[in-house]
Amino acid sequence: MEEKIRKLSKLITRIERNPEELEKIGTKNENKLSRIVGFTGSPGSGKSTLISAIIECLRKKDKSVAVLAVDPKSPLSGGTFFGDRIRMQKHYLDEKIFIRSVSGNTKSGISPSIWNMARVLEIFDFDYIFIESVGTGQSEIDLSFFVDILILVLSPGNGDDIQFLKAGILEVADIYAINKSDTPEYEKFFNLLSSQPVLDNRKTLVKVSGISGNGVADLCETIDNLWSVLLKNGDLFEKRKKAVLKQAELFVIEKLEELVNSKNIPEFRTLREAETFLKERLINEWRDDGLEYQKDRSHWNCR
Amino acid sequence: MKKVRVLIAKPGLDGHDRGAKVVARALRDAGMEVIYTGLRQTPEQIVATAIQEDVDVIGLSILSGAHMSICKKLLNLMKEQGIQDIPVFVGGIIPSDDAKKLKTMGIREVFGPGSPLKLIVEKIKEVATSGRKD
């Protein structure tokens, strides 16, 4: 394994904990952007397996791929069991493939640090960066803010036509990958989605099977075409501009959650009281964080 | 504080992954981040995964009887790749004579059948956090 990969891996660990670390490693050459693609969908819809099949397709064109695979952090213990990379075993020894498991918030479906991690991978010149969310339901749309293209992976058993009229994740996805085309119930499911006015018809539907690989080349082409359009019309940059602010929002929310769940919180009689408490504590914590950061930096500068 | 990251790997050709899964689950419930490689991993795959995932500890589950040769190869590879500082634990059917040899070879601890999960969790936590600078 190259020295570069070891360095990258350590860097990601540091950045996950201290987002400010990113400032130290410099910026990206704007002329060589990675295609940042998100994959979301319910647990078991085949996201990881599909990613593995797409990687196989991209490797034939000698493209490099980094994967950030997010699995849920336990709301009880804070621990995480990562099972996504198991589906990508074929690529464990490929030096142009980098897979990293990331512990994610169960509400947002991703980690607040995901954007910084993706930016590091971009600086390391991966052609594609795939971000896989935790298994999602209808509402975890946060990933859409950090990717150039969001793919919603659907598979037979995801529900009837009424499910697909619902607002939420279906609206923010750019491509629908209708997965598991190798299964017997598939045609009925695909017809349900394609023949009824349930899905947004401006978006692309792609028939795929992560297991057999059928349709994966089409999906790759769809991704590349859409990305070129976004680059040309400038939407890509508009989207990326918002990502930093969105990331800050996720950090604030996570801090708030930690505060609410921490021990020794007094009891409040009114909503106003509780709100004021949260606001003040949040600001205080931020100030302490800032001081800590300044200390870190001066130490770093000395060396 | 940073969560302890553990790689639970299943080298060799046996398909008995129940033990690996039970341990993985216990570590998760103890607040750790657990990466499971899946079955039949080569030492090369395990080392590559350990590097990419930047883990603090590697746990191997071996029930095929090939523990001596697998561990030797793995430890050598780790040295070659510069990650020999990551402690390695082994669980599975390991005769006590072999367990001793494994420990001299550089394996941190060997957990045989009947090892209490609490002990495994404590030991891993202790080893993972002791050498840490942060």
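Across which strands of chain A does helix H6 (residues 216-233) lie? In this predicted model, helix H6 of chain A lies across S1, strand S6 (149-154), strand S7 (175-178) and S8 of chain A, and runs at about 160° to S8(A).

The strands concerned belong to an open sheet of 7 strands in chain A, which is ordered S4-S2-S5-S1-S6-S7-S8 and paired in the parallel sense. Strand S4 (97-104) and strand S8 (204-207) of chain A each have a single partner strand and stand at the edges, so one side of each is left without a neighbour in the sheet. From one strand to the next, the twist averages 20°. Strand S2 (residues 65-72) of chain A runs parallel to S4(A) and is joined to S4(A) by 8 bridges, with Val65(A) having Ile97(A) as its bridge partner in S4(A). Helix H3 (residues 114-123) of chain A also packs on the sheet, where it touches strand S1 (35-40), S2, S4 and strand S5 (128-132) of chain A, its direction making about 160° with that of S5(A).

The contact between the chains takes 26 residues from chain A and 26 residues from chain B. On the side of chain B that touches chain A, helix H1 (18-29), strand S2 (33-36) and helix H2 (43-53) of chain B each supply at least two residues, and H2(B) gives the most, with 7 residues. By class, this side of chain B comprises 9 nonpolar, 8 polar and 9 charged residues. Strand pairing also crosses between the chains, in that strand S3 (residues 80-82) of chain A and S2(B) pair in the parallel sense over 3 bridges, with Thr80(A) standing opposite Glu33(B) in S2(B).

Definitions and conventions. Residues are numbered from 1 along each chain as its sequence is written. Chains are lettered from A and ligands numbered from 1 in the order in which they are written. This is a predicted model: local features need pLDDT of at least 70, side-chain atom pairs count only at pLDDT 80 or more; totals for chains, interfaces and linings use all residues. Two strands pair if DSSP finds at least two bridges between them. Helices (H or I, at least four residues) and strands (E, at least two) are DSSP runs, numbered from the N terminus. Axes are lines fitted to C-alpha atoms, for helices over the stretch in contact, and angles run from 0 to 180 degrees between N-to-C directions. Two residues are in contact if their C-beta atoms, placed from the backbone, lie within 7 Å. Ala, Val, Leu, Ile, Met, Phe, Trp, Tyr, Cys and Pro count as nonpolar, Asp, Glu, Lys and Arg as charged, and the others, Gly among them, as polar.
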